[in-house]
Amino acid sequence: MAISFFRSILAFALVVLTAASSFAASSPEKIREEVLPELSKGLEQFSSNSRPEERTLLEKVTFRDAKFQRIIQDCFEIMADSPLLDLLALQEETRADIRKVQQRISELARESITAPESSWNPLAVTQESIRKDTQKLRQKAADLQADFERQKNSVYEAMTANGAPLTREQFERMISAADAVENASIMAVAENLKYVLKSMELKASEPDAPVELLKMYSGMYMMCCRVYIYAISHAMQQIDDIYLPRLNAMKEENSALLAESRKLAAQSNTENDRKTLQVNMASQQRMLEVIRLYVNYLNAQKKNLASLNADMTRRSSVAENTYHTIRLGTELLSLLHNSRTDFSRIFSFQPPELLQLHDSRFSREFAEVTASLMQEKQ
């Protein structure tokens, strides 16, 4: 059973990848249109605050900037768009609504203990009114579950129609996985990022693509790396902050129940109580094993995510280096073009020749002065 369980979990990434790419709640084109302006904002923020010589290797101030992080988060939310995520959200919402209905049914059951069978007051709580209210609530719970089942069937049929290698049992286990939302988010983001980059790559790879487009492409690739790193980090944080603490709390509660069951079983009990305790202890032992398996699974997932995060961080560093190289190259080319233009203007400039006007003028002046002096001498 454990092997089958883990096989179905391991198939999750492939399935979500297929689902995210083929049945996205928004089309890839729409997601691209929404996310490109955000990526551009992030790139502007990065460029304005990022100078390699002013930052250490381990501390990149720009990536810790609050505004930059908000942009990355916005990009993540835009691209984490998948019907599977919608289904998982609907599942949580349905469960919460059903819990509220069941809680109200329990309240009515307690009220029925003291409620009269009937009353002359039509607004009074009676056994009859409680029965009617309980029936309506049970129908409401059934309707909520039926609506969710219809949506779940629709998503599963769409996925299998697209060729996803997924059995119904695997699908059921997949959407019940502790980190199903995080896995689905990461794969949806990855697939949408791939589409955004591919559409830009086609333009940038053209032989006559301007250098500015190459700079934009390298910058967008760097931003996409940061968004993907955010998705991975978000999943790791969810495992540490939500899933593992919940499982540990369940483990503690279940261990306490098991200890209590063993203590009660050691006492004198009726045959019925003894059988009930045996059933309880068997269930509690199974839950301990399931919790142990799930904790191991989540720790393995966290380890895999950490490895992926390290890989993407290296890629991001390469992308950042490439972006700055292209940015510097475009600035250098611009400087060269401008300087060559300026120098060509300087060297092509032909200053006017200095006319020899002073020779004739001086000769005339000297002749007049000489004539004047000669007259005075006479």
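1. The patch covers about 420 Å² and is made by Val211, Leu332, Leu333, Leu335 and Leu336. Please keep in mind that this is a predicted model.

2. Is Leu333 buried or partly exposed? This residue of helix H11 has a relative accessibility of 38%, so Leu333 counts as partly exposed. The buried class needs a value under 20%, and the exposed class one over 50%. In general, nonpolar side chains of soluble globular proteins tend to be buried together.

3. Now for the inside. The largest nonpolar core has 62 residues, and Leu39, Leu84, Phe171 and Val227 are the ones that touch the most other members. Several helices supply at least two residues each: H3 (28-49), H5 (66-79), H6 (83-111), H7 (127-161), H8 (168-175), H9 (180-204), H10 (211-265) and H11. Which helix gives the largest share of this core? That is H10, with 16 residues. Another core lies apart from it and has nine residues, including Ile98, Ile105, Ile130 and Leu137.

4. On the overall architecture, the protein chain has 12 helices and zero strands. Read from the N terminus, its elements run α-α-α-α-α-α-α-α-α-α-α-α. Among contacts with a separation of 6 or more, 79% join residues 24 or more positions apart.

5. How much of the chain is buried? Of its 378 residues, 34% are in that class. The chain exposes about 23,900 Å², and carbon and sulfur atoms supply 56% of that area.

6. A word on confidence before you go further. The mean pLDDT of the protein chain is 77, and 79% of its residues reach 70 or more. Residues 1-24 have a pLDDT below 50, although this stretch has 44 contacts in the model beyond near neighbours in sequence. The pLDDT is also below 50 over residues 51-59, a stretch with eight contacts beyond near neighbours in sequence.

Conventions: Residues are numbered from 1 along each chain as its sequence is written. This is a predicted model: local features need pLDDT of at least 70, side-chain atom pairs count only at pLDDT 80 or more; totals for chains, interfaces and linings use all residues. Side-chain values use heavy atoms; hydrogens and water are left out. Patches are made of residues with over 30% relative accessible area and no salt bridge: like charges are joined within 9 Å, nonpolar side chains (Val, Leu, Ile, Met, Phe, Trp, Tyr) within 5 Å. Accessible areas come from the Shrake-Rupley method with a 1.4 Å probe; for residues, only the protein chains shown count as cover. A salt bridge is a side-chain nitrogen of Lys or Arg within 4 Å of a carboxyl oxygen of Asp or Glu. Helices (H or I, at least four residues) and strands (E, at least two) are DSSP runs, numbered from the N terminus. Buried means under 20% relative accessible area, exposed over 50%, partly exposed in between (1.4 Å probe, protein chains only). pLDDT is the predictor's confidence in each residue, from 0 to 100. Contact means heavy atoms within 4.5 Å. A nonpolar core is a set of buried Ala, Val, Leu, Ile, Met, Phe, Trp, Tyr and Cys residues joined through side-chain atoms within 4.5 Å.
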